[in-house]
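Please open the model in your viewer and keep the sequence panel beside it, so that each selection can be followed in both. The tour below goes from one selection to the next.

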Amino acid sequence: MFDFGTALIVIGGLLGLVLLGVHVAVSLGISSALGIYLVTGKMRIVEATVASTAAEALRDFTFAVIPLFMLMGEFIGRSGAISDVYNGINRGIRRLPGRLAIATVLGNTIFSFVTGVSIASAAAFSRIAYPEMKSFNYRRGFALGAIAGSSCLGMLIPPSVLMIVWGILTEQSIGRLFLAGVLPGILLASLFLAYIIISAIMNPEIVGENRPGAQQRETAADRIEMSHGQFLSSMAGVFGIILAVLGGIWFGIFTPTEGAGAGAALALLFALLKGLTWPQFMQAVYAVGKTAAPILILLFCAALYSRTLAMTGVTTAIREFFLSSGLEAWQVLTVIILIWFVLGMVIDSISIMLLTVPIVEPIAVAFGFDRLSFAIIGILAIEAGLLTPPFGLLVYTVKAAIEDPKVGVQEIFLSSIPYWGIMLFAAILLIAFPQIANWLPETLM
């Protein structure tokens, strides 16, 4: 039976704790325990629910997919292969305007197929691409915007951590979600490339043309020394791992969890062949543990919160409210996206997903939205929050990685606005043409 007072305490208490700065996992746990107690009136049931939820979360092999895919990305990132791929692309597209920014987007697209974490992409390409664009005399804001904006591809292209979390929360096939993200990810990368090329043609100064030092462009390019074989071996290794892992998942050879384990093993072997050292190996494992452990704790608390919402009847009540409101489907979707944008200004993407998806996904299904395309639209909208102030996690990652005291976060935020707009446009295209997300899953699965 739905009780408005209990629902207000559960949802309002959660939002209040988050806004006060309490960690999202702690906020979810406290509000869930309080909600279960208000519904049942027995502390024993609260303890039993927490225990059973934790036991199910800990023994579910699906949760292992997150650290394993992250480990795969760490090994490949530390092998030096991504630098080789970036430099090779850069040398191969010399005739294109804004080629370093183009190489950054293309490199980020390839890296996204092995990392699944936008922060990793932002940190890697801040160190790889920014010094080169700076030496080519690119306008600083344009260079920073290209790095921060294209890093968002990491959460849309499989194996995206956000897709894994969405699949766990909504009990959807992670393999189908991975497939659904491929074409939208390529579409978004293409829109980024079109923006860069058009900007470079219309205003050559932003890519170093006709500016002091422009005559040094060839000299700067010549500083990138790499054999043809080095580039081909890195490309073959990266694409071989991508095809083996994602192809195996899509064609049913193994589950996403098994694929993640195979990918981590292949990436380790590849990195060892590329000269991975023992300290680098330990740094990779430590970095994954440091990032993955909080995510797994968040997922456990989110599962507990979802059970609480079901017990209190909040999800059903909110769905019935929207169904009886007389709003059109597109109006409901607009409200949901606006909520995601606002939350993106204050908390991180995974926390937004944990707080909202258990509530809004049933509403979207009730209004007739396709589950796969809605998932990709949601990930796009939530990911855009990584570029919006004041939180903007990707912006702060870029700022920390470039280690340039002359660059402020305000400049990176302003430079990221065009990419935020492009992501919004891509979301609108997906709303209008959901087959962009559905075609590959329907064809291959």
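## Loops, a helix crossing and a pocket

Begin by selecting N137, which lies in the loop between α7 and α8. In this predicted model, phi of N137 is near 70°, a positive value in a residue other than glycine. Most residues other than glycine have a negative phi, and most peptide bonds are trans.

With that background, move to P158 and P159, which are joined by a cis peptide bond whose omega is about 5°. P159 belongs to the loop between α8 and α9, the latter helix covering residues 161-170. Then select E171, which is found in the loop between α9 and α10 and has a phi near 55°, again positive although the residue is not glycine.

The crossing of α8 and α20 is right-handed. To see the contact itself, select R140, G141, L144, G145, A146, A148 and G149 on the α8 side, and E411, I412, S415, S416 and Y419 on the α20 side. Coloured by residue class, the contact of α8 with α20 divides into five nonpolar, five polar and two charged residues.

Keep Y419 of that contact selected, and turn to the aromatic rings, of which the structure holds 16 pairs. One of them is formed by F192 and Y419, an edge-to-face pair with 5.1 Å from centre to centre and 65° between the planes. Because F192 lies in helix α10 (residues 174-202) and Y419 in helix α20, the pair ties together parts that are 227 residues apart in sequence.

Finally, bring up the largest pocket, which has a volume of about 520 Å³. By class, the lining of the largest pocket divides into twelve nonpolar, six polar and four charged residues.

How values were computed: Residues numbered from 1 in each chain as written. Predicted model: local features only at pLDDT ≥ 70, side-chain atom pairs only at ≥ 80, totals over all residues. Heavy atoms only, no water. Left-handed = near helix turned anticlockwise from the far one by under 90°. Helix = DSSP H or I, 4+ residues; strand = E, 2+ residues; numbered from the N terminus. Contact = heavy atoms within 4.5 Å. Nonpolar A, V, L, I, M, F, W, Y, C, P; charged D, E, K, R; others polar. 1 Å grid on protein atoms, 1.4 Å probe; cavity = no way out; pocket = protein on both sides within 12 Å on 5 of 7 lines; lining within 4 Å. Points joined across faces, edges and corners; volume = space filled by probe spheres on them. Phe/Tyr/Trp six-rings, centres within 6.5 Å; stacked < 30°, edge-to-face > 60°.
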